[in-house]
Amino acid sequence: MVAAARAIETHRPDALATDRYAEHFVRAARTSAHWPVHPRQVQDGDADPLWGRLGRYFGLRTRVLDDHLLASARAGAGQVVLLGAGLDTRAFRLDWPPGCTVFELDRPEVLAFKQDVLDRQGSTPATRRVPVAVDLREDWAAALLAAGLHPAEPTAWLAEGLLLYLPSAAERSLVDTVDRLSADGSTLAYEAKLGLEPEVVRSNPVYTAARVRIGVDLLALFDAEPRPDTPADLTGRGWSTTVHTPFDFTRRHGRGPLPEPNDALAANRWVIAHKPGPAAPVAMTLRR
């Protein structure tokens, strides 16, 4: 679903992010082969709750996190770790500084599908790329260290579209591991939800369209446990943390989703954390 949204965003004249590989992932999977990958295939445009509004949300999120990771890398974080990388192609499509390594962590079958599609496109990464086949419910830290992560060097961590699906204990464990493996100057960016939404929001067309039209029940995927206060946890560990709404960046970039009544996006937060040190970039100026 996110790959389809990125494909549509790529073909917009005012695209916030481009990913020429995204549509090939969509077409290669039997379930999604008929989904739209171009704005002309979205009949109602931005008014479409799924491929318009939610699609623009994913396009905006991609751009914001692209900018953050590049700022971190250029400030000295020579290691980038994509937790639950999925069909992320940042190792191929971003202009990384010399000497940067991108680690992609996901389940073996996900990485195998991704690699097959990329190989068929004759793709070459723009920097050193290290896929790490591991289930994040297992000892992924050991697998990452074995793959070559150096904890004494600054790292830019990304958990895009991940924590909101994890139980609270798993989120706490992940943050603890990230903190333990992070040198001063490291950064962490992740997406979160404030908590279980009221029924009137759970009936929002974004959710119903995803469920009815493409069979993706987002509400069933979100973990229903009370969410931990991870920004406060990080602050207590010495990180500086900023919390943003998507609409902060809609205003900054002049395009993207705007607030609406009973909004399915209103509880979403994008969190940027820096562990003090020489590589911590001052890329995000909005404060919590």
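Helices here are DSSP runs of at least four residues, numbered from the N terminus. The model shown in these close-ups is predicted.

**View 1. Asp-179 in helix α7.** Let's start with a single side chain: Asp-179 belongs to helix α7, which spans residues 168-180. With a relative accessible area of 14%, Asp-179 counts as buried, because the cut-off for that label is under 20%. Beyond its neighbours within four places in sequence, Asp-179 makes contact with Arg-237, Trp-239 and Lys-275.

**View 2. The buried residues of helix α6.** Helix α6 runs over residues 140-147, and its buried residues are Trp-140, Ala-141 and Leu-144. Looking down the axis of α6, you will find these buried residues within an arc of 100 degrees, so they line one face of the helix. Just past the end of α6 comes Gly-148, with a positive phi of about 120 degrees.

**View 3. The buried residues of helix α9.** In α9 (residues 205-214), the buried positions are Val-206, Tyr-207, Ala-209, Ala-210 and Ile-214. Around the axis they cover an arc of only 170 degrees, so they sit on the same side of α9. Here the buried residues pack against α3 (49-74), β5 (187-193), α8 (199-202) and α10 (218-221).

View 4. Following α9 is Gly-215, which has a positive phi near 75 degrees.

Notes. Residues are numbered from 1 along each chain as its sequence is written. This is a predicted model: local features need pLDDT of at least 70, side-chain atom pairs count only at pLDDT 80 or more; totals for chains, interfaces and linings use all residues. Side-chain values use heavy atoms; hydrogens and water are left out. Helices (H or I, at least four residues) and strands (E, at least two) are DSSP runs, numbered from the N terminus. Buried means under 20% relative accessible area, exposed over 50%, partly exposed in between (1.4 Å probe, protein chains only). Contact means heavy atoms within 4.5 Å. The arc is that of the directions from the helix axis to the C-beta atoms.
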